[in-house]
Amino acid sequence: MTAVHIEELTKAFGAKKALDGISLTVEEGEIFGFVGHNGAGKSTFIHTITGVLPTSSGKITVLGEENLDNVKGCMGIMPDTANLYEYMKGVQFLKFMGELKNDKRTKKDYYSLMEAVGLGVEGDKKIKDYSFGMRKKISIAQALLGNPELIILDEPTSGLDPESSIKIRQLVKQLQQEGKTVFLTSHNLDEIEKISDRVGILKEGRMEKLGTPEELKNVEQEKLTVVIRTEPVLEKEDVLQMEADAVFLQKEGPNTWLEVETETLIPAISKAIIDSGKQLYEITPKKESLEDIFMNT
Ligand SMILES: Nc1ncnc2c1ncn2[C@@H]1O[C@H](COP(=O)(O)OP(=O)(O)OP(=O)(O)O)[C@@H](O)[C@H]1O
Ligand SMILES: [Mg+2]
């Protein structure tokens with residue numbers, strides 16, 4: 001089944017169009033990552049598809065339902081800013097929220113959930129005494145209560161230390177293995193690339209790019225840059241003499257940058273270098289990252 005189906009969604013705040021004709025389909029079991037500059041419309045998108053904000057126009061279907069009230073119980077949401085019950089302790093808060101969402105787990109399982117998001121025994125104190133990252137973690141835990149089919153996380157890892165971010169990424173993957181659909185936003189492009197099956201790049205309320213990380217990178221990449229480290233360093237003249245279709249770009253220290261049409265030329269380039277008597281230490285195709293794509297969007 002389709003988890004989220006959006007057609008021509010717009011949301012205006014006065015004259016400002018925060019969302020401007022977004023269409024998107026997210027399949028069940030998919031991890032979908034949304035990226036975009038501050039103010040691009042990511043949180044507004046989440047607020048509209050979860051029914052927190054009314055739309056200006058367009059059609060939203062979540063888990064097969066157009067009436068979002070019918071599926072709210074099947075969604076777990078970690079909003080961009082969370083109001084937490086400051087005078088409750090961590091587990092007490094989760095148990096309270098879990099009971100509201102008809103969560104059947106035992107008290108011991110609430111502690112396991114705390115562990116899963118990286119809140120160990122330290123988390124069992126009043127939320128008013130939590131650090132920023134601890135607040136994030138309990139907000140994520142709260143989104144998992146009631147066994148939701150669709151989990152929506154607005155910047156789950158921003159402000160988390162690297163180890164905690166990795167733990168959350170593992171948790172998201174585990175949720176996917178359990179059959180859940182996860183929709184998340186992040187400013188960490190490396191993370192989004194690693195974790196998401198598909199990525200949407202939002203710009204000024206419009207979906208500028210949409211696809212798997214590989215698709216997005218391949219669209220942009222017409223030619224390939226190859227970095228080569230040799231001793232002595234590969235000079236422009238050496239490249240001109242090669243029987244391989246490579247263009248010299250620049251040299252810096254022991255490295256030389258070449259441009260080639262396809263990676264199938266790499267064996268011929270390696271052979272030419274070795275035949276010329278130079279020592280070849282490294283030859284690396286420089287793949288474009290999602291960050292490169294984002295910067296060019
Ligand atoms: N309640 C609101 N009233 C008026 N304008 C709003 C409201 N909420 C969002 N906006 C505007 O809509 C646009 C999109 O904001 P949104 O919070 O969705 O961006 P975002 O992509 O989540 O950004 P960030 O990365 O900073 O979280 C911005 O111009 C913002 O000022
Ligand atoms: Mg936001």
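This is a predicted model: local features need pLDDT of at least 70, side-chain atom pairs count only at pLDDT 80 or more; totals for chains, interfaces and linings use all residues.
Trainee: Happy to start! Are α2 and α4 roughly parallel or roughly perpendicular?

Mentor: Find α2 at residues 90-100 and α4 at residues 132-143; helices are DSSP runs (H or I, at least four residues), strands too (E, at least two), numbered from the N terminus. Their axes, lines fitted to C-alpha atoms over the stretch in contact, are 10 Å apart and meet at about 25 degrees, on a scale of N-to-C directions from 0 to 180 degrees. Because that angle is under 35 degrees, the pair is roughly parallel.

Trainee: Which residues of α4 make the contact with α2?

Mentor: Contact here means heavy atoms within 4.5 Å. From α2 come Gly-90, Phe-93, Leu-94 and Met-97. Facing them in α4 are Ile-138, Ala-141 and Gln-142.

Trainee: How many charged residues does that contact of α2 with α4 have?

Mentor: Ala, Val, Leu, Ile, Met, Phe, Trp, Tyr, Cys and Pro count as nonpolar, Asp, Glu, Lys and Arg as charged, and the others, including Gly, as polar. The contact has 5 nonpolar and 2 polar residues, and of charged residues there are none.

Trainee: And how are α2 and α3 placed to each other?

Mentor: Helix α3 covers residues 107-116, and its axis lies 10 Å from that of α2. The packing angle is about 115 degrees. The two helices are therefore roughly perpendicular.

Trainee: How many charged residues are in the contact of α2 with α3?

Mentor: On the α2 side you will see Gly-90, Val-91, Leu-94, Lys-95, Gly-98 and Glu-99. Lys-107, Tyr-110, Tyr-111, Leu-113 and Met-114 come from α3. By class there are 6 nonpolar and 2 polar residues, and the charged ones number 3.

Trainee: Which residues does the cis peptide bond join?

Mentor: Look at the loop between β10 (224-231) and α8 (236-241), where Pro-232 is found. Omega is about -10 degrees for the cis bond between Glu-231 and Pro-232.

Trainee: What is the phi of Leu-63?

Mentor: Leu-63 sits in the loop between β4 (57-62) and β5 (75-78). Although Leu-63 is not a glycine, its phi is positive, at about 50 degrees.

Technical notes. Residues are numbered from 1 along each chain as its sequence is written. Chains are lettered from A and ligands numbered from 1 in the order in which they are written. Side-chain values use heavy atoms; hydrogens and water are left out. Angles under 35 degrees count as roughly parallel, over 145 as roughly antiparallel, 65 to 115 as roughly perpendicular and the rest as oblique.
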